[in-house]
Amino acid sequence: MESVDTPEDDPSSALAPGRIGAAFVAVLGLAAAVPIVTAVTLLPSALATGAGPLVPLAFVAVAVILVLFCTGYAAMARRSPSAGAAYAYVARGLGRPAGLAAGWLAVAGYQAIQFGLYVLAGVAAAPLLRSWFGITAPWWAVAAACWAFVALCGTMRLEVAAGVLALLAGAEAAVLAGLAAANVIEPYAGRVTTESITITDLGAVDRPTLGLLLAGGLLAFAGFETTGTYAEEALRPRRTTALAGCGAVVLIVLLLGGLAWSMIVAAGPGSITSRAGAGGVELIFDLADDRLAPWAVTLTRLMWFGGVVAGLLALHLPIARYLFAMGRERVLPGVLGHTGRRTGAPRAASLTQSLIAGAALAGAWAAGADPGPATARWLLIGGALSILVLFVITSLAALLHLNRVPGPESAWARFIAPVLSTVSLASLAWLALRDLPALLDLPAGYALVRAVPAALAGCLLLGLLHAAALRRVNPVAYAGIGLDGVAVVITPQSPAEPGPSPDPPLIPRQRTPGAHRPERIQVSQRSPGPE
């Protein structure tokens, strides 16, 4: 009997354990959600619709749904902590082909969000460079500098990279909290009214707007799922994901929900719609300029750029870990499944991710592209939609797996919460796709509006085709999908061993009962004997 090399057998394929605690992982999830980008780009658009108090309430409603999602997600992580996160959980709950589809959705979605942030880096740095140095740097120069920083930090020990992110994300959160406090301390007309948080006429807001707010609010939380990719490197692998995921959701909703409400207070419940429509992405800076010293406004712009850089690094790390997990299982080239001997970080996967991002940026520069905020919005929304679909698939996988394979979880954790989260997330995904033109700020018949769903379908199809090809070419690797490289395969006895020569081992097929459940795969050999 032989087994595929496990992380314990091959130290170069094992992530360094016990590097960071739940608090650090929650901060990494907060940084990946890039709340300051949502505050600058999404909140003005949402407030301009006339929804008013519904905007902060939408963040609260979405946070409740995501806490339900975290219940099943954390239960899966407790059973099998994996750097592959959703990729591994979906493989266990919905089968190997679905697991590969989830892996490609995660990589493509986070990659698209990262490309959007590279575009925003140039936009965020432009006013600072003009005011400090009197120069106008092209977007690709700023993006190249950010790329070099991310590529360097991505190969470092996780605790070092997490420390850098904690500084950036902490400063970002402090600035957002300070802006919210300043808005509340100096409210419109000198007082805070109940109209800033109460809804007097719900019928005045049309139904599409309500769906748009909920879908847009959920997209602002897209990065929090990255907390699951650090499970193998956490101090408490089976508990960190639960604490960090919920912690990231709470931090995001406090920052964004509180800031949205404070902006209504600062501009006035009756004036926020017109002011948000006129100010656009400058709304948050205009409100700060009315209340704070010029240096504080400059600090806000600096932290907008700092938040973008933090988001770039916070997305690079989980993408590398998804690639690492798939490489460790030989689903992708095995070299991706190796780690640095000194750092214990997925060095090969990190360098590969850096090369992919660098090649894309170089291609855009060579093509003469001059992307702006609109392009960044398309990339961010498209990537976040991919992660939203990933949420739905993962929630359904958790529901099926936790109930097919009974464990210590309560009925709430294994059934009620996953059912509620699956239905809620699927509804929000449908709303997001229905209102995609409004989210992208494009006409309904525009080609890009049709391209985004086509790209999502392409990722799913790519995963299914990849699984079919792998099953045919490398059935042993196929059998180990979602098992973190610990699949056990029984091989025939060697000719030198006594006894009759057995037939080749039976590789489980998808139609074999139970073959879609990796944890129950049993590969056996036929007993020799007369036919």
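# Reading helix faces, ring pairs and confidence

Biologist: Which residues of α6 are buried?

Modeller: In α6, the buried residues are W139, V142, A143, C146, V150, A151, C153 and G154. Buried means under 20% relative accessible area, exposed over 50%, and partly exposed in between, with a 1.4 Å probe and protein chains only. Helices (H or I, at least four residues) and strands (E, at least two) are DSSP runs, numbered from the N terminus. The model is a predicted one, so local features need pLDDT of at least 70 and side-chain atom pairs count only at pLDDT 80 or more, while totals for chains, interfaces and linings use all residues. Residues are numbered from 1 along each chain as its sequence is written, and side-chain values use heavy atoms, leaving out hydrogens and water.

Biologist: How should the length of α6 be read, and where around its axis do the buried residues fall?

Modeller: The buried residues of α6 fall within an arc of 165 degrees seen down the axis, so they line one face of the helix. The arc is taken over the directions from the helix axis to the C-beta atoms. An α-helix has 3.6 residues a turn, so residues three or four places apart point the same way.

Biologist: What covers the buried residues of α6?

Modeller: The cover includes α5 (96-133), α7 (158-185), α12 and α13 (347-366). A contact means heavy atoms within 4.5 Å.

Biologist: How do I read a pair of aromatic rings, and how many does the structure hold?

Modeller: A pair of aromatic rings is described by the distance of the centres and the angle of the planes. Rings of Phe, Tyr and Trp (its six-membered ring) pair if their centres lie within 6.5 Å; planes under 30 degrees apart count as stacked, over 60 as edge-to-face and the rest as tilted. The structure holds nine aromatic pairs. F69 and F391 make a tilted pair, because their ring centres are 5.1 Å apart and their planes stand at 40 degrees. F69 belongs to helix α3 (residues 54-79) and F391 to helix α14 (residues 373-404), so this pair ties together parts that are 322 residues apart in sequence. F69 counts as buried at 2% relative accessibility, and F391 is buried with a relative accessible area of 1%.

Biologist: What are the distance and angle for F285 and W304?

Modeller: F285 and W304 form a tilted pair, 5.8 Å centre to centre with 45 degrees between the planes. F285 is in helix α11 (residues 283-291) and W304 in helix α12 (residues 294-328), so the pair ties together parts 19 residues apart in sequence. Both F285 and W304 are buried.

Biologist: Which residues have a positive phi without being a glycine?

Modeller: V34, in the loop between α1 (22-33) and α2, has a positive phi of about 50 degrees. V34 counts as buried at 3% relative accessibility. R330, in the loop between α12 and α13, has a positive phi of about 65 degrees. R330 counts as partly exposed at 41% relative accessibility.

Biologist: What does T38 touch?

Modeller: T38 lies in helix α2 (residues 35-47) and counts as buried at 8% relative accessibility. Not counting residues up to four places away in sequence, T38 touches A33, L43, F59, A220 and L256.

Biologist: How is confidence read, and where does pLDDT stay under 50?

Modeller: pLDDT is the predictor's confidence in each residue, from 0 to 100. The protein chain averages 86, and 87% of the residues score at least 70. pLDDT stays under 50 over residues 1-9, with 23 contacts beyond four places in sequence, and over residues 520-531, with 18 such contacts.

Biologist: How many helices and strands does the protein chain have, and what share of its residues counts as buried?

Modeller: The protein chain has 18 helices and two strands. Of its 531 residues, 54% count as buried. Among contacts with a separation of 6 or more, 82% join residues 24 or more positions apart.
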